[in-house]
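Please keep the sequence and the structure in view while reading.

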Amino acid sequence: MAKFNFENTKHAYTAGRLDQCPEDGKWEIILAGKSNVGKSSLVNALTGQKKLARVSQSPGKTRLILYFEVDKAFYLTDLPGYGFAKASKSEIAQFNSLADDYLNTDRPIALVLVLIDSRRGPEEADLALIDWLIHQGMPYLIVFSKADKLSKSQMNTQVFTWEKEGRLPDHVPYIAISSSKKIGLEELRIYISDFINKL
Ligand SMILES: Nc1nc2c(ncn2[C@@H]2O[C@H](COP(=O)(O)OP(=O)(O)OP(=O)(O)O)[C@@H](O)[C@H]2O)c(=O)[nH]1
Ligand SMILES: [Mg+2]
């Protein structure tokens, strides 16, 4: 089946509240994960556009829900990061609950990409999200980000260890990527394309 043209992507909408989200029924591939894990960088890397999504050294950059329409077919939805403590209390409450609420609504969510930093590994909030997704029966894929510092075999060993430690469920579906070194991007584009095509 055809792979979508990820280079043909445009920023379609920005939403600060759930009632501002598009209602056109297009499928969404969600990018979820802790602040600073590399969600916005991944949008740019997948689409080959350096400045489509804003990337920053300072965590908590993305505080709104951003919709990127890929090949007129589906959205890549960049959610605000969770677990970030440097914003003001009211801001944290606002953008964390926005991300939480988002997954709890009736959105046409096809797949949730759960980004986890390869070197830091899964933290409590990540496992809580994964458990929740499994409980809801919502399809997800773990995306280990910033994999430029690890070899493929080191990565596999890490994942095995995390599974044994109970920091991940056994046999999690995952892909390791690096936005800066362009690792795993084509594999992820194919995975997403296949997924959308099979819906
Ligand atoms: N080494 C390395 N650094 C990366 C990679 N991807 C992103 N980064 C860096 O990680 C930092 C955060 O990246 P963002 O893409 O803004 O992260 P985010 O998840 O969108 O963050 P929030 O918007 O705060 O939730 C930036 O300094 C990036 O340059 C990668 O593949 N490798
Ligand atoms: Mg971001």
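At what angle do helix 1 and helix 5 pack, and how far apart are their axes? The structure is a predicted model, in which local features need pLDDT of at least 70, side-chain atom pairs count only at pLDDT 80 or more, and totals for chains, interfaces and linings use all residues. Residues are numbered from 1 along each chain as its sequence is written, and side-chain values use heavy atoms, with hydrogens and water left out.

Helix 1 and helix 5 pack at about 85 degrees, and their axes are 10 Å apart. Helix 1 is therefore roughly perpendicular to helix 5, a term for angles of 65 to 115 degrees. Leu42, Ala45 and Leu46 of helix 1 meet Leu185, Leu188, Arg189 and Ile192 of helix 5 in this contact (heavy atoms within 4.5 Å). Six of the contact residues are nonpolar, none is polar and one is charged. Helices (H or I, at least four residues) and strands (E, at least two) are DSSP runs, numbered from the N terminus; angles run from 0 to 180 degrees between N-to-C directions, with axes fitted to C-alpha atoms.

Seven strands form an open, mixed sheet in the order 1-3-4-2-5-6-7, where strands pair if DSSP finds at least two bridges between them. Strand 1 (9–15) and strand 7 (174–176) each have a single partner strand, so one side of each is left without a neighbour in the sheet. From one strand to the next, the twist averages 25 degrees. Strands 3 and 4 run antiparallel and are joined by five bridges; Phe68 has Leu76 in strand 4 as its bridge partner.

Two helices lie across this sheet. Helix 5 lies across strands 2, 4, 5, 6 and 7, running at about 155 degrees to strand 5.

Helix 1 gives the most, with five residues. Among the 18 lining residues, Asn44, Ala45, Gly48, Gln49 and Lys182 lie nearest the centre of the pocket. A pocket is an open set of points on a 1 Å grid where a 1.4 Å probe fits, with protein on both sides within 12 Å along at least five of seven lines, and lining residues have an atom within 4 Å of a point.

How values were computed: Chains are lettered from A and ligands numbered from 1 in the order in which they are written. Angles under 35 degrees count as roughly parallel, over 145 as roughly antiparallel, 65 to 115 as roughly perpendicular and the rest as oblique. Ala, Val, Leu, Ile, Met, Phe, Trp, Tyr, Cys and Pro count as nonpolar, Asp, Glu, Lys and Arg as charged, and the others, Gly among them, as polar.
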